[in-house]
Amino acid sequence: MQLTQEPLYNATNIALLGSSFPVDTFSDFHTLDKSVPYRFSRLPFWSWSSTNARQRLLALIVDYLQRGDVAESDGRFASGFMEAFRANDIQVLDGARLVLTFMWGVHSNTMSTSFWLVASLLADPDALARVRAEIDSAVEGKFTNLETLLGADPDELDDQCFALLTSAIMETMRLTALHAAVRLAECDFALEDGDRTIPIKKGEYVFGNVRAVHMDEANYPNAHKFVVDRFAERPYRKGQLQTEDEPFFSLGGGRHICKGRWLAIYEIKMTAIILFRLFEISPPASGWYLPRVHGRSIGVIHTKDEVFVQVRPRQLGDAE
């Protein structure tokens with residue numbers, strides 16, 4: 001968790017909410033995030049720790065909003081929503097609740113996906129070697145060095161030079177997404193499913209089981225296996241997902257497709273680039289295993305276990 005999730009969480013907060021946003025909040029956010037499946041399903045659970053974590057988070061966000069000291073160098077996002085709160089007379093505690101809700105939407109699935117990406121690559125040394133080679137080639141070729149890449153416009157990372165890494169990210173999303181879509185039919189219609197036609201009546205609910213689609217061997221051969229290049233061989237189209245025209249719903253679809261999908265992919269991609277460019281990451285001497293899936297998960301699969309790895313700096317010379 002600390003290797004992938006905490007740095008991603010802190011960096012995204014600074015980028016979106018500004019340098020004055022409190023940095024020491026990951027532990028409380030993680031505690032709250034773990035309780036969300038129970039809260040959404042209204043299952044009984046021991047809520048004391050997560051309730052206290054939520055209250056501490058809200059207190060820090062209230063203080064952040066009351067100070068309102070967003071630097072010009074922090075960009076327009078943080079100052080923009082603060083201005084919107086004032087313009088609409090949103091009280092500071094209500095504003096803090098909105099910010100916390102926004103934070104959960106931004107962080108929860110992205111952090112879990114970044115964890116599973118690293119875990120899946122560590123479980124497949126050949127895939128990890130191929131992804132690392134692609135990262136090294138892009139850093140040293142297109143971008144010259146890592147510092148240049150870090151300062152590049154996010155749009156520049158939507159590039160063929162990261163086709164394999166992007167495929168690995170989408171494959172991780174395919175394997176770990178637990179979203180379910182429910183839609184209310186506004187009229188009678190026929191739902192086509194391959195060679196079948198399913199009549200849907202007005203007023204009926206249609207439930208879309210995303211995981212069932214993603215695990216269907218007819219859609220994805222070896223569907224339960226992490227295949228790093230599953231989407232890498234497709235023609236790379238800038239500004240379009242590699243999964244375009246595929247039965248892929250980890251990011252939603254249609255009018256309700258995830259509005260932050262490009263930000264999420266950029267965050268995960270940047271995390272992987274930094275980790276695999278700068279560090280050798282290997283399993284502990286006791287060996288490697290994928291963590292157990294938690295029985296209560298929402299959005300993206302949660303884990304029961306912490307995973308320990310060995311991390312050491314790569315020998316890259318003086319450039320980085």
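The expected span of a helix is 1.5 Å times one less than its number of residues; helices (H or I, at least four residues) are DSSP runs numbered from the N terminus. Helix α3 (residues 48-67) has 20 residues and extends 29 Å from its first C-alpha to its last, close to the expected 28 Å. The model is predicted, with local features needing pLDDT of at least 70 and side-chain atom pairs counted only at pLDDT 80 or more, while totals for chains, interfaces and linings use all residues. Residues are numbered from 1 along each chain as its sequence is written, and side-chain values use heavy atoms, without hydrogens and water.

Buried means under 20% relative accessible area, exposed over 50% and partly exposed in between (1.4 Å probe, protein chains only). In α3, Ser-50, Ala-53, Leu-57, Leu-58, Ile-61, Val-62, Tyr-64 and Leu-65 are buried. These buried residues pack against α1, α2 (26-41), α4 (76-87) and α5, where contact means heavy atoms within 4.5 Å. Gly-68 follows α3 and has a positive phi, near 60 degrees.

Two residues towards the start of the numbering are set out below.

Leaving aside neighbours within four places in sequence, Thr-4 is in contact with Ser-114, Phe-115, Val-118, Thr-271 and Leu-275. Ala-15 and Gly-75 are 60 residues apart in sequence, with their C-alpha atoms 8.1 Å apart in space.

A nonpolar core is a set of buried Ala, Val, Leu, Ile, Met, Phe, Trp, Tyr and Cys residues joined through side-chain atoms within 4.5 Å. The largest has 41 residues, of which Leu-121, Leu-149, Phe-162, Met-170 and Ile-273 touch the most other members. At least two residues of this core come from each of α5 (92-122), α6 (125-140), α7 (146-150), α8 (163-176) and α10 (261-278). Another core, of 23 residues, lies apart from it and includes Tyr-9, Leu-17, Phe-21 and Leu-57. Beyond four places in sequence, the contacts of Phe-162 are Glu-134, Ile-135, Ala-138, Phe-143, Leu-149, Leu-157, Lys-269 and Ile-273.

The axes of α6 and α10 (lines fitted to C-alpha atoms over the stretch in contact, with angles from 0 to 180 degrees between N-to-C directions) come within 9 Å and cross at roughly 95 degrees. α6 is therefore roughly perpendicular to α10, a class that covers 65 to 115 degrees. Leu-128, Arg-132, Ile-135, Asp-136, Val-139 and Glu-140 in α6 meet Ala-272, Ile-273, Phe-276 and Arg-277 in α10.

Conventions:
Parallel < 35°, antiparallel > 145°, perpendicular 65-115°, else oblique.
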